[in-house]
Amino acid sequence: MLPMCIANIDSLTAQVKAGKLKAIASTGAQRAPAVPEVPTFADAGFPDLVVTSWSLWAVPAGTPALIKDKLRLATARALKEPDVIESMRLGGFEPGALSVAEADAFITAEYKRWGEVIRAAGIKLK
């Protein structure tokens with residue numbers, strides 16, 4: 001028996017809809033379109049408990065600007081396609097794009113945030 005878990009919403013939606021699991025709250029900033037009836041942790045009184053999955057493209061240092069621009073533009077086009085948007089939202093993801101500077105700032109903030117959690121919990125590598 002699984003007393004509790006936190007996982008990407010797309011891996012649990014079928015079990016929740018079938019009544020095999022009970023969704024208590026989601027960790028997103030807004031309610032998930034896949035399960036709009038499930039409150040967020042912020043709705044439940046935990047406003048700082050916002051954790052999201054994210055992905056980004058990374059290329060080796062020295063990759064020509066033309067290649068990076070092609071990748072960025074193709075990704076931006078794909079993220080505007082209605083079927084891509086719908087599929088991502090049903091999977092629990094909110095499509096979006098960040099500039100390089102925004103991505104750097106986001107990664108820096110995540111590193112700081114989770115570093116503080118790791119240190120506060122006394123987590124060590126073995």
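1. Is F106 buried, partly exposed or exposed? F106 counts as partly exposed, at 27% relative accessibility. The model is a predicted one, so read these values as computed from it.

2. Aromatic pairs come to a count of two. In one, the rings of F41 and F46 have centres 6.4 Å apart. Their planes stand at 75 degrees, so this pair is edge-to-face; the cut-off for that label is over 60.

3. F41 is buried, with a relative accessible area of 19%; the limit for buried is under 20%. F46 is partly exposed, at 49% relative accessibility; exposed would need over 50%.

4. The rings of W54 and F106 also pair. Their centres lie 5.1 Å apart and their planes meet at 90 degrees, so this pair is edge-to-face. W54 sits in the loop between α1 (13–17) and α2 (65–78), while F106 belongs to helix α4. The pair therefore ties together parts that are 52 residues apart in sequence.

5. F106 is partly exposed at 27%.

6. Now the surface. W114, V117, I118 and I123 make up a nonpolar patch there. V117 is partly exposed, with a relative accessible area of 41%. Patch residues need over 30%, so V117 clears that cut-off.

Definitions and conventions: Residues are numbered from 1 along each chain as its sequence is written. This is a predicted model: local features need pLDDT of at least 70, side-chain atom pairs count only at pLDDT 80 or more; totals for chains, interfaces and linings use all residues. Side-chain values use heavy atoms; hydrogens and water are left out. Patches are made of residues with over 30% relative accessible area and no salt bridge: like charges are joined within 9 Å, nonpolar side chains (Val, Leu, Ile, Met, Phe, Trp, Tyr) within 5 Å. Accessible areas come from the Shrake-Rupley method with a 1.4 Å probe; for residues, only the protein chains shown count as cover. A salt bridge is a side-chain nitrogen of Lys or Arg within 4 Å of a carboxyl oxygen of Asp or Glu. Buried means under 20% relative accessible area, exposed over 50%, partly exposed in between (1.4 Å probe, protein chains only). Rings of Phe, Tyr and Trp (its six-membered ring) pair if their centres lie within 6.5 Å; planes under 30 degrees apart count as stacked, over 60 as edge-to-face and the rest as tilted. Helices (H or I, at least four residues) and strands (E, at least two) are DSSP runs, numbered from the N terminus.
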